[in-house]
Amino acid sequence: MSSVTIFDLCVPRRDVLAGTSSDSDFAADLSHVIKNQGPEEYIKPHLFFANTYPTRGLKNLLANVCARLTDGGGVSAIFRLDTSFGGGKTHGLIALVHAARGMRGVSNSGEFIDAQLIPTEEVRVAAFDGENADPANGRRMSGDVLAYTPWGEIAYALAGREGYERVRRSDEEGIAPGAETLAELFGSKPALILLDELAIYLRKVKSRPNARDQLTAFLTSLFKAVESSPRAALVYTLAVGKDGRAGDAYGDENQFLADRLAEAKSVSARKATLLNPTEDDETVEVLLRRLFEHVDRDRAGEVVDTYRALWNEHRGALATEATKPETASEFRRGYPLHPDVLGTFTSKTATLADFQRVRGMLRILGRTVARLWAARPTDATAIHLHHIDPGYEPIRQEFMTRLGQAMYLPAVRNDIAGETGKRALVQEIDDENHRGLPPYAAYASRTIFMHTLAFNENLKGVTPEHLRFSIVGPKIDISFLEAARQKFVANSAYLDDRPGAPMRFLAEANLTQVIRRQEANVDPGELRAQLNDRIKSIFSGTTLESVPFPGGPWDVPDEVGNGRPLLAVMSYDACSMGAGVEAVPDLVARIYERKGSEGGSLRSLRNNLAFVVAEDARLDDMRRKMARRLALRELKAPERLQELAEHQQAKVRELEARSEAEVAIAIQQCYRHVFYSSKHRVSGASVDLAHSALDTHSASEKPGSGQSQIVRALRELGRLRTPEDEPDAPSYTRDRTPLRKGQITTAALRDEFRKDPSLPMLIGDDVFIKGIRRGIEQGEYVYRRGDLLYGKGDPHTSVQIDEQASVFTMAYATEHGIWPRPTPKPSSVEPKPGDSAPPPGSTGTIGGESGDRPQSGTTGPMTNGAGDGALTFTAEGVLREALIRLWEQAKARNIKKLGHLTVRMFDAGDAFRLVGVMNAVRIADEKKVVLEGAYETAGGSTVQIEYHGSPTDAGPLKDFLEPQLRAAKDKQVQARFELAFNDGIGLGEPCDKLTEQLTKFATGSAYVEATAEAKP
């Protein structure tokens, strides 16, 4: 492919390149040129003609008018320039002024006119410019002379003060002078009368009685006077189309003039020669002459040939224009302008009421050329539509202000070119996918924008095929372009999303895409925090005591507390599972089985604990629902709502109100796996835990009441009893507890319900007391507390749950003379409970460990000594969750790489498992293991541990210490692992892989710390 760019083949004009061309440089002002004022490009003849392309219409105009001024014979005296707004009519009048003055210093005059036709004697030039006319206050001619009408200004221009005095009364009273009076002003010298912007003057005098009629009378008299003067010529402009109808901003006035002038010509039999300064097929040459000093046409042809080959190669993916021979011909003639540039300007942009045709094109393209030469993109082999950047403020103002397209400003800001502090959609797509490549998404969006700017609805928009034709070039990969287009279309907030609609921008946002875009901008840390808070809220309640996101056994107490069973809500990052249950999750099993800071002691109250675990397949939906809620909350803010249409504001409010329930449903459908204490354990499990999956329908019935769903499920399974439930049969309770030995305290018996998986979990003490009463009523139990004895047939009495109250089996009570109540005898001694049985409540417990733990879940970036301004990020919790939070913190601070990672495990078992993992971490340049602590052997000996070294050397030490610590009477070991990355480890896939490696065998809680500065 050709590597030649426009910067190799084209030389822009200096004022264009420097960006110093003002609006006035592209908007000719006739009156200023007459007075020798204004931009040099207009008042200096040689510059004017150097910047002007000799169109057929302009050459005809100069030849006919100058022939009239030179010898007066054989040509018309009156000429009318018909063209649209901005189509070159004023430019043609200025060319006449310079020609009438002899075209002095113009080296290329031969391009425009035969030298013999250029006037050699003085030509008096009188010009009337309706834009500068002041019919109310008078336009100052000189000194105290003020002219109020076209005839006043022309009289002064032709004959000075004397000429004005001749028509003063006509000027002051607004009455048109006669033809003979006007002819006197011409005298015997050549005279050129120019009338421009008459429609604007007519608008100014609209409210004056008879003003329109007097202008018509003046023009009729002027026609006659000019016709009667052999060397006088009149040229006037009229903005009408080829059909004779006016269509610009002064359409009514132009139409009035066209109609009246037609009548005047009909009455007097005088005909004006009609000329158009610039035909449509000459527009491109006009643009190129004004914008560029030089274009290498020979080498440009080679570039066009390269494009033709490219179009042919991809003809199946491009619009039909790509295969038409005339397309290449137009490109060759108009290089460096791509054919779609002029085609879009003339067929679409030109339909806008305020677009000034050639003048408008020059303003937009002039700014585009200056910006291109400043940026010099390497893919600019031609000037395409996508090089017209609405993010560049001068161009943005051209579209939004001058062309009145401000309705698209939100679309530009949101999708095409963001403002300070807020990136647009295409910037995000290109940053993510096209670094070091052309900004494909930006090119697609700009092209769609240019094709959107049209008056007629059926003209707005572009097909994918035409867009590819408009953008593709030697240095543009069409596959990248198509991928970028698809991403942009899928995520744009302002593209028309109706089925079958062309790609075009809408003034109002596509609400679905606005919400989707806002979702993508939700901060991951904020999402996590809000989701965690909502999960905690949903599973909190008054029935079960919620323990949110435990990192290990130490986070779940093994004590009665407030008496409510515990519900451990497992973190979705630390513990999740598939739809089917193959095993009890390791972290769940460890918490169920163990307790204490090191997890070294056995949990006692196992039947006082249930778990709820998230399902892998539903995690993303849960996160998406929360991201959507946060996005809608942001859009509901007053400053964001005002960006939307009124009906969209109402929709945002409606969706935001519904999003709370949608989040709750998603959480409850995700957290549907319940593990509970039971002898009917999960197949292959090592602990007494059974599993139940809540059906998604029941999980959605009451959004926000997740705990009540779990309570209901456990009740239906017979594993949980609430105060309104019936107790188990007294004989079942007797046979399943130490009560079968004969006696037990009520406190100890109540604890059995918290320990034994074969018994139900109890909410409160009501069911327990109800069970004791039923046992008494059925003659199974006898209750005694102090002197109070309560047995079958006795009236109801209060049943206390403490160490002073005991329950006896009827057999035991009868055997030991406790029941029936013995007849009191003075000398009798009541047998002591326990003479032949264990004391009440003598069930054994296994001692455990306890220790202070740091609060889990702490996170935050801070500076440390890693270097000037280096950032350190920390997190604590289950290792996987802590690492994920660590990466998210770094991403939130726009950190690209991390230089150092430290992991401190709280559980010695996890620490030793991590020793083996460290050897497999290949990405780290340096690895270090630190083991410190001490333990006391069963024999009372004390051993101190201190190791600083490699993971390899730590292996044998680990193998020695593991059995020693298991057998130790007391132990305290701290383990720290350090990883250094000389070139830094990148956030994203490298960190994700590292997380998988480190958490493959180590699942407990940890403290992690990372430094954002890589080692040099």
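Student: Which residues do ring pairs link into a cluster with Trp 311?

Tutor: Ring pairs join Trp 311 with Tyr 307, Phe 331, Tyr 335 and Phe 469, where rings of Phe, Tyr and Trp (its six-membered ring) pair if their centres lie within 6.5 Å. This is a predicted model, in which local features need pLDDT of at least 70, side-chain atom pairs count only at pLDDT 80 or more, and totals for chains, interfaces and linings use all residues. Residues are numbered from 1 along each chain as its sequence is written, and side-chain values use heavy atoms, with hydrogens and water left out.

Student: How many aromatic pairs does a search of the whole structure find, and what makes the pair of Phe 345 and Phe 355 stacked?

Tutor: The search finds 23 aromatic pairs. For Phe 345 and Phe 355 the values are 6.0 Å centre to centre and 10° between the planes; because planes under 30 degrees apart count as stacked, over 60 as edge-to-face and the rest as tilted, this pair is stacked.

Student: What makes the pair of Phe 488 and Phe 505 edge-to-face?

Tutor: The planes of Phe 488 and Phe 505 stand at 65°, with 6.1 Å centre to centre, and an angle over 60 counts as edge-to-face.

Student: Why does Phe 488 count as buried, and why does Phe 505?

Tutor: Buried means under 20% relative accessible area, exposed over 50%, and partly exposed in between (1.4 Å probe, protein chains only). Phe 488 has 0% relative accessibility, so Phe 488 counts as buried, and Phe 505, at 1%, therefore counts as buried.

Student: Why is Asn 894 called exposed?

Tutor: Asn 894 has a relative accessible area of 60%, which is over 50%, so Asn 894 is exposed.
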